[in-house]
Amino acid sequence: MMQIWNIAVKELNDGLRNRWLLAISVLFALLAAGIAWFGSAAAGQVGFSSIEATIASLASLATFLVPLIALLLAYDAIVGEDEGGTLLLLLTYPLSRSQLLLGKFIGHGLILALATSLGFGSAAIAIGLLVADLDLALLLQSFSRFIISATLLGWVFLAIAYFISSKASEKSSAAGLALGIWFLFVLVFDLSLLALLVFSKGQLNPELLPWLLLLNPTDIFRQINLYGLADSNNMSGVMTLAQDLPFGNPGLWLSLIIWLASSLTLAHFTLRRRPV
């Protein structure tokens, strides 16, 4: 256990020294505050509109940013150590590959969790202090759900980044694969699903379609945060299919946890097979 913690502390200190934690926290805080007060500027309205609209907009934003930041944070976690010659050195110590992977995951996961909590949490505090006649219980519930689910989404993509880093032979290859994974889950998947719906002309089993959303962790994240919002107009595009799933938020949380566990397991087996 001490070996795992030592690796985690090293990664956390590297993140603090490289200003990752500060940069991500400030970015999240500024974007969250900007969306809260200027999200309706296109409609000619400036100022805080509602908690539901803010969370819906933040969920769309986080779908793009959180996976990208997680992939950038960890895409070179293994292949970078290998290219620098430190992976072989680390494995000469009483440290297994699974302990190395878990230590890196804890360190990077703490950076992401702290940045998400500080960034979006400060925006929630600002909203609570500056907006009059606000339902503070709803604000706390909505932002807590959002921060926890965004952190979990980031952890999923951290695990995917470790798989990429364990598989790649060079950092440049890992960077390209990470960018490709980001495009696949954030942009291509939903467009492909929409194209499938259009070109199938109703031939697909309608009961199967909502389950396809569970193949994308970013869609699961958006469902968690949009599910049960008072404004049903927040559901648009392929997200409307989620209303036909036979389970609610508990099933969605479980799906995201399954994504995390399976991605970490895949990364573990890939790292075990990697020659050093």
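User: Which helices each supply at least two residues of the lining of the largest pocket?

Analyst: The model is a predicted one, in which local features need pLDDT of at least 70 and side-chain atom pairs count only at pLDDT 80 or more, while totals for chains, interfaces and linings use all residues. Residues are numbered from 1 along each chain as its sequence is written, and side-chain values use heavy atoms, with hydrogens and water left out. Helices are DSSP runs of H or I with at least four residues, and strands are runs of E with at least two, numbered from the N terminus; a pocket is an open set of points on a 1 Å grid over the protein atoms alone, where a 1.4 Å probe fits, with protein on both sides within 12 Å along at least five of seven lines, and lining residues have an atom within 4 Å of a point. The helices that each supply at least two lining residues are α1, α3 and α6 (97-130).

User: Which helix gives the most to that lining, and with how many residues?

Analyst: The lining of the largest pocket consists of 16 residues, and Glu11, Asn18, Leu73, Asp76 and His108 lie nearest the centre. The largest contribution comes from α1, with four residues.

User: How much space lies in the largest pocket?

Analyst: Grid points are joined across faces, edges and corners, and the volume is the space filled by probe spheres set on the points. For the largest pocket, this space is about 310 Å³.

User: Which residue forms a salt bridge with Asp76?

Analyst: A salt bridge requires a side-chain nitrogen of Lys or Arg within 4 Å of a carboxyl oxygen of Asp or Glu. Asp76 has its closest N and O contact of this kind at 3.8 Å. The pair links distant parts of the chain, 95 residues apart, with Asp76 in the loop between α3 (51-74) and α4 (79-83) and its partner in helix α8 (residues 171-200). The partner is Lys171.

User: Are Asp190 and Arg222 buried or exposed?

Analyst: The side chains of Asp190 and Arg222 meet in a salt bridge at 2.4 Å, N to O. Asp190 lies in helix α8 and Arg222 in helix α10 (residues 217-226), so this pair ties together parts that are 32 residues apart in sequence. With buried meaning under 20% relative accessible area, exposed over 50% and partly exposed in between (1.4 Å probe, protein chains only), both residues are buried.

User: Why are Lys10 and Asp14 separated by about one helical turn?

Analyst: Lys10 forms a salt bridge with Asp14, with the closest N and O atoms 3.1 Å apart. Lys10 is partly exposed at 37% relative accessibility, whereas Asp14 is buried at 17%. The separation is about one turn because the two residues are four residues apart in helix α1 (residues 2-17).

User: How far apart are the end C-alpha atoms of helix α11?

Analyst: The expected span of a helix is 1.5 Å times one less than its number of residues. The 25 residues of α11 (residues 249-273) should therefore span 36 Å, and the distance in the model agrees, at 37 Å.

User: What percentage of the residues of the protein chain count as buried?

Analyst: The protein chain has eleven helices and zero strands. Among the buried residues of α11 are Leu252, Leu256, Trp259 and Leu260. Of the 276 residues of the chain, the buried share is 48%.
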